[in-house]
Amino acid sequence: MRRRTVGRTAVVAGLVALTALATGCGIRTTSVPVDAGAAPSRVPCSVTQEGTTGAAVQGVPVRVFLVCGSQLEAVDRRSLPEEKAGGAPVRTASGLLAQLLAEPSESERRAGFTTAVRGPLVVSGGHKGDPAGTLRLSRQPEDLAPTALSQLVCTFAASSAGAGEQTVLLGGPGAYAPKRYRCTPELRERPESTPPTTPPAS
């Protein structure tokens, strides 16, 4: 019995020594927070140079909403002719729609911008009996991809084609009544959701 006890004591002592040696050569635990560096950053979503879809940088500054980092971000461009930037709502909306249909510029792509708006798609004025300022798309708004509709709503609502208070009156080619779509901060954060609507003024 005594030999067995002495043997166990020697084994335990050896294990303690090995543990101490390993701890001395390894990484010690600490209760102090360790700075592991900054977390990986997402795409910048910022264009250093003016994004344009035309060959020449000219025209009136306009703002369109593109997709970046799963959100809608405003991009300033200078390629909308003056008569469309501040003219009749339909002309303004037509020019903005063309901007959304076009592929982002090289600088915009590098910054992470894309567009979900796809053709064929045109915009025209309202039908007889529609509220003033109504815009009609060649496709029913509800039939568009939610992100594409969100881009249209926020881009139109922020321009002279909008109906005020960050809203736009949109309808489709059929006899359905137009709806007043609202661009909200929540919609810009989650453009894949359905744009909120309010009853149009009579």
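## Strands and their pairing

Two strands pair if DSSP finds at least two bridges between them. In this predicted model, strand β4 (residues 135-137) meets that condition with β5, because 2 bridges link them, in the parallel sense. Leu135 stands opposite Leu170 of β5.

Strand β5 is also joined to β6, by 4 bridges, and these two strands run antiparallel. Here Thr167 stands opposite Arg182 in β6. In turn, β6 runs antiparallel to strand β7 (residues 197-198), with 2 bridges between them. Tyr181 has Thr197 of β7 as its bridge partner.

## Strand β5

Strand β5 spans residues 167-171 and is mostly covered, with 5 of its 5 residues buried. In a regular strand the side chains alternate between the two faces of the sheet. In β5, Thr167, Leu169 and Gly171 point one way, while Val168 and Leu170 point the other way.

## Arg180 in strand β6

Arg180 belongs to strand β6, which covers residues 179-182. Arg180 is buried, yet it has no salt bridge. The nearest side chain of opposite charge is that of Glu165, 6.2 Å away.

What does the side chain of Arg180 make a polar contact with? The partner is the side chain of Thr167, at 3.1 Å.

## Helix α5

Helix α5 runs over residues 146-157 and has 12 residues. From its first C-alpha to its last it reaches 16 Å, close to the 16 Å expected at 1.5 Å a residue.

How many of the 12 residues of α5 are buried? The count is 11, and the helix is mostly covered. The buried residues include Leu149, Leu152, Val153 and Phe156, as well as Ser150, Gln151 and Thr155. Cys154 is also among them, with a relative accessible area of 0%. An α-helix has 3.6 residues a turn, so residues three or four places apart point the same way.

## The two disulfides

The structure holds 2 disulfides. A disulfide is a covalent bond between the sulfur atoms of two cysteines. With the bonded cysteines of the protein numbered in sequence order, the pairing reads 1-2, 3-4.

Cys45 sits in the loop between α1 (2-25) and β1 (60-68), and Cys68 sits in strand β1, so the bond ties together parts that are 23 residues apart in sequence. The torsion about the S-S bond of Cys45 and Cys68 is about -95°, so this disulfide is left-handed. Cys45 has a relative accessible area of 12%, and is therefore buried. Cys68 also counts as buried, because its relative accessibility is 1%.

The other disulfide is formed by Cys154 and Cys183, with their sulfur atoms 2.1 Å apart. Cys154 lies in helix α5 and Cys183 in the loop between β6 and α6 (185-189), so the pair ties together parts that are 29 residues apart in sequence. Is this disulfide left-handed or right-handed? The torsion about the S-S bond of Cys154 and Cys183 is about 95°, so the disulfide is right-handed. Cys183 is buried, because its relative accessible area is 4%.

Ser94 has its place in helix α3, which covers residues 89-101. Ser94 has a relative accessible area of 29%, so it is partly exposed. The C-alpha atoms of Ser94 and Ala161 are separated by 9.4 Å, although the two residues are 67 residues apart along the chain.

Glu106 lies in helix α4, residues 106-110. Is Glu106 buried or exposed? Glu106 counts as exposed, because its relative accessibility is 53% and the cut-off for exposed is over 50%. Between the C-alpha atoms of Glu106 and Val47 the separation is 9.8 Å, and the two residues are 59 residues apart along the chain.

Technical notes: Residues are numbered from 1 along each chain as its sequence is written. This is a predicted model: local features need pLDDT of at least 70, side-chain atom pairs count only at pLDDT 80 or more; totals for chains, interfaces and linings use all residues. Side-chain values use heavy atoms; hydrogens and water are left out. Buried means under 20% relative accessible area, exposed over 50%, partly exposed in between (1.4 Å probe, protein chains only). Lys and Arg count as positive and Asp and Glu as negative; His and the chain ends are not counted. A salt bridge is a side-chain nitrogen of Lys or Arg within 4 Å of a carboxyl oxygen of Asp or Glu. A polar contact is a pair of N or O atoms within 3.5 Å; within protein, one must be able to donate a hydrogen and the other to accept it, and residues adjacent in sequence count only if both atoms are side-chain atoms. The expected span of a helix is 1.5 Å times one less than its number of residues. A disulfide is a pair of cysteine sulfur atoms within 2.5 Å.
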